[in-house]
Amino acid sequence: MEAIQYAHPAIECLDRDGILAIQERKLKALGERLQGHPEWVRHFQKADMSPRDLGNLDALSSVPTLDKADLRALYPFPMLTAELAQVRRFVATSGTSGMPVMFGLTDRDLSQLLPHQMSRILRAAGIVAGDRVYQGYGYGLWFGGLGMDIGLAACGAVNFPIGPGRGDLVVKWLSDHAYTACTVSPLWLMTLVNLAKSQNIDPRKAWKLRVGVFGGQSISAAFRDQLEAEMPPGFMAQNNYGTTEAGGPVVAQSCPYSHDVDEMHLINEDTIITEVVDPATMKRVGPGEVGEIVVTTLDRDASPVIRWRTRDLVKLSAKPYDCPCGRAGLPKIGRIIGRNDDMLKVRGVIVFPTQIEDIIAETEGAVKEAWQIYIDSEHQILEEITVAVERRGGASSIQEKQDVQQRLAHALHSRLGIRVTVECHDEGSLPRYEGKAVRVHRRGAKPEK
Ligand SMILES: [Zn+2]
């Protein structure tokens, strides 16, 4: 394995107590700062607290959590802790479930905090100075492209900020520009692989990619292995996790060691406190247990969050500390299992779309990157879902599609314990997503709510 790269070895190699000491000091300072902002004072009052009560880490668990409803109620610029004139730029949530929520970034956020956090993310993934990087995250109000631009500059990498889409051009440039790294949706990269192959280009020989930083969508280990097999030898697919509310793609990142066990470090714990909690009790879960990620930002200037409920569920590593990479005090989590609100309860059985994705990825003949779940019947309880997939290999015969359909239906039944209807289509029939995929659709069912 190549030598481990650190952005800030003095912090990244601290033991857990060293990290906790930084968190406690910064939390106290944050409390003092929020005391001067009436929206925050009112928020703390919900638990009969004041921001100044944030004197130690234990106090944090008594602070009210924050969610979308809290922020939407303070439209249009919720809970800003900087004068609007000091905000240099806004970013926003996607707004797929309502009005986008605006988060501000000051000069300090842009020129100090983000380079600090993002350089650490990209170094951990293995990006080095001089890497030629195909940057495929989106721009505009979305945080992804902005965060990557800042991080790549801080790492001394050469950025090609193409953003999402433009498949034919990217396939050509992957060869001609000889990109060595990419920051992009893994599903989109797989689409590009197939596009290249359809043009008789073999990515394993024609491309120079060495590392991919994959966010926006957590991918299964099976999908990752398949993607790596399509890439030049030695290529590593490194998972990334973040959210706009937490301050960008800055929360978690796999390293060359945690990659092998499909885990990521909570790598910016000196600037972000991440709790993994039982969503019912809001108490922290233990190693190996599943919980919701709840985020507190310690250094954000304009738009801090305290105990932001991400709704993302994740398994805390069974062995969170002492990764061989040397980041002893930065705990590890598994990939994102799903969102609280993505959870489907089919005839009483809890199912996450990511579980279905894993099974599709392991099903012979099925296209891994294009699939959908249709909710067909939903009365008091969710009764019927249909999983739609494609058979790899262009137009297929009815028999060929039936074979995939039967294999998948059998695997879904044996792994999930429920019978679901499976549809198999020709390759290319289902939608492709350049960013975050929308997997669950309601058809002929009662509308939501
Ligand atoms: Zn590690």
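Reader: Let's start inside the fold: is Tyr-134 buried or exposed?

Author: Happy to begin there. In this predicted model, Tyr-134 is buried, with a relative accessible area of 0%.

Reader: How many aromatic pairs does the structure hold, and how should I read one?

Author: A pair of aromatic rings is described by the distance of the centres and the angle of the planes. The structure holds four such aromatic pairs. One of them joins Tyr-134 and Tyr-179, with 6.1 Å from centre to centre and 25° between the planes. That pair counts as stacked, because the planes are under 30 degrees apart.

Reader: Which parts of the chain does this pair tie together?

Author: Tyr-134 sits in strand S3 (residues 132-135), while Tyr-179 belongs to the loop between helix H8 (167-176) and strand S5 (181-183), so the contact ties together parts that are 45 residues apart in sequence. Tyr-179 is buried too, at 0% relative accessibility. Ring pairs also bring in Phe-160, giving a cluster of Tyr-134, Phe-160 and Tyr-179.

Reader: Now the backbone, please. Which residues does a cis peptide bond join?

Author: Here is the general idea: most residues other than glycine have a negative phi, and most peptide bonds are trans. In this structure, Tyr-75 and Pro-76 are joined by a cis bond with omega of about 5°. Pro-76 is in the loop between helix H5 (68-72) and strand S1 (87-92).

Reader: And what is the phi of Asp-48?

Author: Asp-48 has a positive phi of about 55°, although it is not a glycine. Asp-48 lies in the loop between helix H3 (38-45) and helix H4 (57-60), and is exposed at 77% relative accessible area. Met-282 also has a positive phi, near 60°, but Met-282 is buried at 18% relative accessibility.

Note on methods:
Residues are numbered from 1 along each chain as its sequence is written. This is a predicted model: local features need pLDDT of at least 70, side-chain atom pairs count only at pLDDT 80 or more; totals for chains, interfaces and linings use all residues. Side-chain values use heavy atoms; hydrogens and water are left out. Rings of Phe, Tyr and Trp (its six-membered ring) pair if their centres lie within 6.5 Å; planes under 30 degrees apart count as stacked, over 60 as edge-to-face and the rest as tilted. Helices (H or I, at least four residues) and strands (E, at least two) are DSSP runs, numbered from the N terminus. Buried means under 20% relative accessible area, exposed over 50%, partly exposed in between (1.4 Å probe, protein chains only).
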